[in-house]
Amino acid sequence: MAALGQNEGKAPVTTAKALEKEFLPRHVAIIMDGNGRWAQKRGMPRTFGHKAGVEALREIIKYSDELGQLVDNINNMSLKISQSEKIQTEFISSVSHELRTPLTAISGWGETLLGDETGDPRQLRRGLRIIVKEARRLTGMVEELLEFSKMQDGRFTLQVEEMDLQAELEDAIYTYRELFRQDGIQLNYHSGQELYTDPISGDPQRLKQVFCNVLDNAAKHGGAGKRIDVDMTREGECYVVRIRDYGPGIPEAELPFIKQKFYKGSSKARGSGIGLAVCDEIMRLHNGTFDIANAPGGGTVVTMTLPMEK
């Protein structure tokens, strides 16, 4: 006789409904056997009735199914914890490496310039340019880590005021245009020659932070395309800002995870993996949206939507 929960020559029955359909009639018949051998071996009365047999088997089936679900839930929780610990370990390793790289460049060039007895002005300018660039990158990473820490413990807040969104966007563009030009990247800005004077309620510094982060990412991951386009439009009761690069784009399988904390995907570009998560949180707190997609014809486009004041 097959054990309860197994089907001779077939795959195991895994749900209470299937188990009941497959085994209930046959095992009740065994319980009702005139000799009562099956029931007696299990400490059941020889006069075990049909109704009692049905209820007993149903309880066994129900318990087995609930136990199986509990085991599955524990396994899933264990897997998630393991994955979380792995991600955090990789994050710490990645951040340590990312912080070490600019510090090494700054220290190395500082020592080089101090030991340069020729006083070559070209060497001096080159060294200072690298030091400034690496110091700026190091500052950005430290700020990202601080913002992430605030997100984790609930201290991430906005200083909301009536603001000019277009002015903050254009300020970010002005900040990066010359830096991009030095790297051979053309930064184009289109606003339809319009001035969007309707204010929004928001945190100017936080929103500029979003624009700067997205521009920096566009150059870092899509700079191979040597072109970045920025445009701002009014669509209904919202302002929409789009930033597009002409790089290789993002693998489709990675798009659903690209805004997750610590996620870096297959990209070899430098970064902590938390910048986009911070941007997404800032936009959410503004009741806006932050969407990332591959652009038609190649590259990546980031679309940011913010509601206007009513």
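Predicted model: local features only at pLDDT ≥ 70, side-chain atom pairs only at ≥ 80, totals over all residues.
Close-up 1. Cys-212 counts as buried, because its relative accessibility is 16%, whereas Cys-238, with a relative accessible area of 23%, is partly exposed.

Close-up 2. Five strands form an open sheet with mixed pairing, in the order E2-E4-E5-E7-E6. Strand E2 (186-190) and strand E6 (289-294) are the edge strands, each of them pairing on one side only. On average, and with direction ignored, neighbouring strands of this sheet are turned by 15° against each other. Within the sheet, strand E4 (residues 227-235) pairs with strand E5 (residues 238-245) in the antiparallel sense over eight bridges, and Val-230 stands opposite Ile-243 in E5.

**Close-up 3. Helices lying across the strands.** Helix H5 (residues 165-182) lies across E2, E4, E5 and strand E7 (300-307), and runs at about 160° to E2. Helix H6 lies across E2, E4, E5, E6 and E7, running at about 20° to E5.

**Close-up 4. Surroundings of Ala-219.** Ala-219 has its place in helix H6 (residues 204-222) and is buried, with a relative accessible area of 18%. Leaving aside residues up to four places away in sequence, Ala-219 touches Phe-180, Ile-185 and Ile-228. Gln-186 is 33 residues from Ala-219 along the chain, and the C-alpha atoms of these two residues are separated by 9.9 Å.

Conventions: Residues numbered from 1 in each chain as written. Heavy atoms only, no water. Buried < 20%, exposed > 50% of the residue type's maximum accessible area, 1.4 Å probe, protein only. Helix = DSSP H or I, 4+ residues; strand = E, 2+ residues; numbered from the N terminus. Contact = heavy atoms within 4.5 Å. Pairing = 2+ DSSP bridges. Axes fitted to C-alpha atoms, helices over the stretch in contact; angles between N-to-C directions.
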